[in-house]
Amino acid sequence: MKQIELSKNNVKIIGRTYTKDGVLKAVMSASGCEFSFTGKKLVIEMGCCESALSDGKECNFPRASVLVNGKFIVKKVIGSRKVSFTVFESDTVQTVNVKIIKLSESAFSLLELYPLQTDDDAYTEPLADKALKIEFIGDSITCGYGVDDSNIVSDFSCCAENAMKSYAYLTAEALDADYSMFSASGYGIISGYTGDGVRNSAEVLPPYYESLGFSYSYIDEGLKPQDIKWDFSNFASDIVVINLGTNDTSFCRHSQDRVEEFEKSYEAFVCKVRELNPQAVIICTLGLMETLLCPSVKSVCEKIVSETGDTRLHYLALKCQDGKLGFSSNWHPSEDTHRNASECVADFIKTIL
């Protein structure tokens, strides 16, 4: 069998990834690759990064999927250095579409994709770029945290995450758009989630936005995703959706001064996103799980538009979940709630376009 590297010449890269020595490292939620395969046999090899394996915590092993012609062939937690999956085999040469997607988030899991193993005459081609490109910036909601866990109270585990069921992925699907996600569970603008009201300054997302991502695991020896600068020309977003503030609520609800600090920092982050995405429409949204800071997000958007004349900045309130569609792990949105939210965001984007 021959090998085909997962490079941009052979496949379409999805999301924020990193390549070294022929290994494609899927970092952020729903990152991976997509391609057309022509041949008789296709074997995909993938693995968990060495540092996560060394920790030995199964909850931090990456969850991955492989789809062939839109059908799931693989959906597994990858708990070894390298595992092989024969995802297509035929007596005759056929052409199929293949998509490899990392379902879990970057903070707790990194997925390694090795060169494809194929029959000698097989070849791959990258799928064409779509007309619309959307970046989603967020927290556990964007990650699809716990959406495959029906227990309302559960310990964190990557095996319950499914970014393909998140409102972000579903929005991109509804608009037939290419996407990129930048998200981490528990993270906020000035504070990550806190159960006691004490600031969680360790889990704030803005400092990492200009990097490949964030992870507690090493993507390479001595190197983490946050150590690698992201080249924004890799994905020139037409639309950027920011869904941050849910975790800040746990800190800000205790003081108006904290709300004002949030507004100041939120404004600075939106301006940074604008600087790095000068041509994009920016949509600031909030409300699916918490509504306390919705007025603040709206106020910041109105302030920026008033002061800068940026007519490509918009605010969108999401309907807060009420439980009628169920909950997933730790009171997070259910799959149906994510779908409803995606319809709201997609419809809003259509009105803008």
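**A parallel sheet and its nonpolar cores**

In this predicted model, glycine 138 has serine 183 of strand E13 as its bridge partner. Strand E12 (residues 133-138) and E13 run parallel and are joined by six bridges. Helix H7 (residues 335-352) packs on the sheet, where it touches E12, E14, E15 and E16. The direction of H7 makes about 150° with that of E16.

Stepping back, the sheet is open and consists of five strands with parallel pairing, in the order E13-E12-E14-E15-E16. Its edges are formed by strand E13 (178-183) and strand E16 (313-317), each of which pairs on one side only. On average, neighbouring strands of the sheet are turned by 20° against each other, direction ignored.

Attention now turns to the nonpolar residues. In soluble globular proteins, nonpolar side chains tend to be buried together. Here, the largest nonpolar core has 45 residues, and Ile137, Ile242, Tyr266 and Cys284 are those with the most contacts inside it. Two or more residues each come from strand E14 (239-243), helix H4 (249-252), helix H5 (256-276), strand E15 (281-286) and helix H6 (294-308). Of these, H5 gives the most to this core, with seven residues.

Leaving aside residues up to four places away in sequence, isoleucine 137 touches Thr142, Phe182, Leu205, Tyr209, Val240, Val241, Ile242, Asn243, Leu244, Phe269 and Val273. There is also a second, separate core of 31 residues, with Ala163, Tyr167, Ile239 and Val281 among them.

Conventions
Residues numbered from 1 in each chain as written. Predicted model: local features only at pLDDT ≥ 70, side-chain atom pairs only at ≥ 80, totals over all residues. Heavy atoms only, no water. Core = buried A, V, L, I, M, F, W, Y, C linked by side-chain atoms within 4.5 Å. Buried < 20%, exposed > 50% of the residue type's maximum accessible area, 1.4 Å probe, protein only. Helix = DSSP H or I, 4+ residues; strand = E, 2+ residues; numbered from the N terminus. Contact = heavy atoms within 4.5 Å. Pairing = 2+ DSSP bridges. Axes fitted to C-alpha atoms, helices over the stretch in contact; angles between N-to-C directions.
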